[in-house]
Amino acid sequence: MHALHEKSAVVTGGARGIGAAVARALVDAGIAVLIGDILDEEGKQLAEELGDLAAYRHLDVTDEKDWRAALNEAEETLGPLGVLINNAGVIEFGGVADGWPASFRHIMDVNVYGPWLACTSQRLCYGTTAAA
């Protein structure tokens, strides 16, 4: 029996790519997974494919309310949280003439602010004392 027995996981950006591979690996290890993403059709399809140990929820990682709802749902339906995989991320190419300030803000919101929201909205990161 491993340390994550009867614990659940949340994987952001879990609908495809690395996130989907991580979700599959966790389910294969017997860990229940909430797949969070904004790619609803792909996320639902993956959760269905993975079976009873997986669920999908729309999760915009830049939205605090979405985070709270997703983390609460994971605990209520899948069990106590033991793993958080902040996998969601974006990259945008371009220069200042291409609307770079807005692109930069979007990158920072998804890649930095999103994981910070997860850690502060739930006791998932060591040293965090914020309540859900």
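Is Gly13 buried or exposed? Gly13 is buried, with a relative accessible area of 15%. Buried here means under 20% relative accessible area, exposed means over 50%, and partly exposed is in between, with a 1.4 Å probe and protein chains only.

Some ground rules. This is a predicted model, so local features need pLDDT of at least 70 and side-chain atom pairs count only at pLDDT 80 or more, while totals for chains, interfaces and linings use all residues. Residues are numbered from 1 along each chain as its sequence is written, and side-chain values use heavy atoms, with hydrogens and water left out.

Now the layout. The protein has four helices and four strands. Along the sequence they run β-α-β-α-β-α-β-α. These are DSSP runs numbered from the N terminus: helices are H or I with at least four residues, strands are E with at least two. There are 132 residues, and 37% of them count as buried. Take the contacts, meaning heavy atoms within 4.5 Å. Among those between residues at least 6 apart in sequence, 47% join residues at least 24 apart.

Back to Gly13. Gly13 sits in the loop between β1 and α1. Leaving out residues up to four places away in sequence, Gly13 touches Gly19, Ala20, Gly36, Asp37, Asn87 and Ala88. Its C-alpha is 8.9 Å from that of Ile85, 72 residues apart along the chain.

Ala9 is in β1, residues 8–12. Ala9 is buried, at a relative accessible area of 0%. Beyond four places in sequence, Ala9 touches Leu26, Ile31, Ala32, Val33, Leu34 and Val83.

Ile35 belongs to β2. Ile35 is buried too, with a relative accessible area of 0%. Its contacts, not counting residues up to four places away, include Val11, Ala23, Leu46, Leu50 and Tyr56. From the C-alpha of Ile35 to that of Ile85 is 9.9 Å, for residues 50 apart along the chain.

On to helix α4. This helix covers residues 100–121, 22 residues in total. From first C-alpha to last, α4 reaches 30 Å, close to the 32 Å expected at 1.5 Å a residue. That expected span is 1.5 Å times one less than the number of residues. Where does α4 bend? The bend is at Tyr113, by about 35°, and Pro115 follows within four residues. The bend is the angle between axes fitted to the seven residues ending there and the seven starting there.

The buried residues of α4 include Ile107, Val110, Gly114, Leu117 and Ser121. An α-helix has 3.6 residues a turn, so residues three or four places apart point the same way. The cover over the buried residues of α4 includes α3 (64–78) and β4 (81–85).

Last, the largest pocket. About 360 Å³ of space lies in that pocket. Of its 20 lining residues, the closest to the centre are Asp37, Ile38, Ala88, Gly89 and Val90. A pocket is an open set of points on a 1 Å grid over the protein atoms alone, where a 1.4 Å probe fits, with protein on both sides within 12 Å along at least five of seven lines; lining residues have an atom within 4 Å of a point. α1 (17–28), β2 (32–37) and α4 each supply at least two lining residues. The largest share, three residues, comes from α1.

Terms used: Grid points are joined across faces, edges and corners, and a volume is the space filled by probe spheres set on the points.
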